[in-house]
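Q: I am new to this structure and would be grateful for a close look at a single part of it.

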Amino acid sequence: MSIKEKIFYKFSVFVLIFILIFSFLLMFLSSIKESATMDELAHIPSGYSYVKFLDYRLNPEHPPLLKALSGIPLLFLNLNFPIQSDAWQKYINGQWDVGREFLYESGNDADLIIQWSRIFPMLLTLGLVFLIYLWSRELFGPGWALLPSFLFALSPNILAHGHYVTTDIAAAFGTVLALYFFVKFLYFQDKKSIIYAGIAFGIAQLLKFSTFMLIPYFVFLVLVFWWANNKNLVFNGSAFKKLWNYFYKLILVFIISYLFVVYPVYFLFTYNYPQEKQISDTEFILTSFAGGPPKKGEICNPLRCLAEIDIWMTKNTITRPLAHYLLGVLMVMQRSAGGNTAYFMGEVSASGWKTYFPIVYLLKEPIPFLIMLFLAIIFWLKNIFLNLKQGFGYAKEKLVEYLNISFDKFSMIGFVLFYWFLSILSPLNIGFRHIIPTLPLFYILTTGSLKKWVDKSNFRITPYFLKNIFSIIGVFLKSSLKYLFIFILVFWFLIETVIAYPYFISYFNEFGGGIKNGYRYVTDSNYDWGQDLLRLRDFVEKNNISKIAVDYFGGGNPKYYLKDKVEYWWSARGNPKDFGINWLAVSINTLQGATARLHPGHQRNEADEYRWLVFLRPKDNKIGSVPKPDYIVGTSIFVYDLTK
């Protein structure tokens, strides 16, 4: 490495550190203004119970690692945990009740717990930024590696979910880590790469169960890598022997993952989980899985057999840690098949929409990056078209060449397509956060395409080239304009982020109406996850409100923050004014679910539709309109002064 290259490398590291610090500050400053989100109500007490009691009875549908890391800082606080409550002792996965009691009813400082538990999620987000930089630097060099790192670190959507005790950023970290080391394994296939790939895949399994889909995807990558590296594409005994060698090593990767990573962690966190309770909990949770237990004399269907095997494994002391892992996988499968009720593009449904994720992505991803992505897609399609134009044989030859030279990029493209395909088919429309594992790959791949686009304008000065000074000026200007164009998009991206602060979770681009109007298109974790309860407390104090009716969606607790000033409310109770309460606060997620039109086949109780509120505050004709509020607290809590 030359002196010039060393200086440039050090400069890129300095810029990366600045990006990391800026990203952390934005997450931290946003975090301290927000109450607990919905899933944090379950994840925070679960993580604390894992590291404090080594007991994994809470929240088995999510792997333990992120939650356990979030619970470590809480060990240094003098906290009261509801260890004697029925929710802990008797309930089956009483995560929500334990969460409520632990945070708000045990004499603890809820805000202190929430903020301390968010430290590790923020650090994990920064760790993913560094991983993106590391992989991108290998592919494009230190300078261009800063672009995907910047895009991920300062994306409003990442800054939103990066500071919550939830598993979405963790899923992205696990996916990128496992994919990075698996590609290394395919390239080298030595003991070191096998061990690293095994550890990385094991860590991914401990972060999010969606990474389980990497198993069939890794099998696919092995087949493609074998095909691309099979000289002259001749399939004989030697070729198939090589294929078996690949799969033999792949099996070793999985053995290392589950035997030396997943099993020890689950063993540790189920150590004090009474086996009798684990058995009864597992049997109850899987009661209805895949049609329920087979009748006497019947053979279970394949899916149900998995449940029966899991129940059997809980009864064995050695296998019960892996049984708890399998339980989580089965719970995710069960939930994914069931879907969830959500609001999207003017209607409410429990069956999901095939257009959900593509539209949500286009509405929530900053427009400057969408422009970059559009250019990248055009560039990719153009190359594919030009290769196909030369004939199928030529295109096949170029494909094999691409796979041999750029298998890293192919692995990313393949995973994005695979993950999006499954997400679109799934009725579980839980929000933009579900596709976060693909964002790092989007940013890396788009950067690679932009680099090629710019490099096409680069030139070398030769004696022949010097004969035409106008050509030199033209090529120089063309290259400079491309760099300027990318710089403008990056600056625009930064401005979008700064303007979104501190309401990152409610960020929508201009297509989606911006932060103020994004709720018209989609809610839940895309816009309202309960983050504004602290702001409602401040609003009540500022306006000297003595009593307010609250219909809140989220992980916070209105009574904890508003004391005797709050009255819990819901639509069926009618107008609070009839009870002497002149103020009403409703979470927009709840309001959309109550007032938006129903998708054909979906039903809703008339008493839950806030018809009396719609009568008092008629809706406009725009998509996603709700009873017009007198005030909006933060972005997600709509407040009505019923005296008006």
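In which strand is V639 found, and what surrounds V639 there?

A: V639 is found in strand β8, which covers residues 637–641; helices (H or I, at least four residues) and strands (E, at least two) are DSSP runs, numbered from the N terminus. The model is a predicted one, in which local features need pLDDT of at least 70 and side-chain atom pairs count only at pLDDT 80 or more, while totals for chains, interfaces and linings use all residues. Residues are numbered from 1 along each chain as its sequence is written, and side-chain values use heavy atoms, with hydrogens and water left out.

V639 is buried, with a relative accessible area of 0%; buried means under 20% relative accessible area, exposed over 50%, and partly exposed in between (1.4 Å probe, protein chains only). Apart from neighbours within four places in sequence, V639 is in contact with L536, F539, W583, L584, A585, P629, D630, Y631 and V633, where contact means heavy atoms within 4.5 Å. One of these residues, P629, is 10 residues from V639 in sequence, and the two lie 5.6 Å apart in space, C-alpha to C-alpha.

K208 lies in the loop between α11 (191–205) and α12 (214–228). With sequence neighbours within four places again set aside, K208 is in contact with H62, P63, T167, D168 and A171.
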